[in-house]
Amino acid sequence: MANVQYYDVILKPVITEKTMELMADKKYTFLVHTEATKSQVKEAVEKMFAGTKVKNVNTMNLDGKTKRRGTTYGKTAKTKKAIVQLTEDSAEIEIFQGL
């Protein structure tokens, strides 16, 4: 990953019922750059959200879905998802407050 800064790593948060339940355990889910490593995700979260300390990062690669338009088939883009576990003394991530 040449010239990818920490603010390019995290694309957007994933907000579903399951991820909202994980927030009680201080686990937050983000869509990340497809070539980002776990250490880059950890660095990006700690720099973007003040007062956070990352305990663990789990990543998963998701293949694109097959879509059809008429008789033509295609695939959507591949994505990568990261579940970030914060330490007990870490501050909460403010972006998820009030949801």
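This is a predicted model: local features need pLDDT of at least 70, side-chain atom pairs count only at pLDDT 80 or more; totals for chains, interfaces and linings use all residues.
Which residues of H3 are buried? They are Val41, Ala44 and Val45, and the views below start from them.

View 1. Residues are numbered from 1 along each chain as its sequence is written, and side-chain values use heavy atoms, leaving out hydrogens and water. Val41, Ala44 and Val45 are buried (under 20% relative accessible area, 1.4 Å probe, protein chains only). They sit on the same side of H3 because they cover an arc of only 95° around its axis (taken from the directions from the helix axis to the C-beta atoms). Helices here are DSSP runs of H or I with at least four residues, and strands are E runs of at least two.

**View 2. What H3 packs against.** The buried residues of H3 pack against helix H1 (6-9), strand S1 (10-13), S2, S3 and S6, with contact meaning heavy atoms within 4.5 Å.

**View 3. The nonpolar core.** Phe30, Val41, Val45, Val84 and Ile93 touch the most other members of the largest nonpolar core, which has 17 residues. Such a core joins buried Ala, Val, Leu, Ile, Met, Phe, Trp, Tyr and Cys residues through side-chain atoms within 4.5 Å. Strand S2 (27-32), helix H3 (38-48), strand S3 (54-62) and strand S6 (79-86) each give two or more residues to this core.

**View 4. The open sheet.** Its 4 strands run in the order S1-S2-S6-S3, with antiparallel pairing (at least two DSSP bridges between two strands). S1 and S3 are the edge strands, each pairing on one side only.

Definitions and conventions. Buried means under 20% relative accessible area, exposed over 50%, partly exposed in between (1.4 Å probe, protein chains only).
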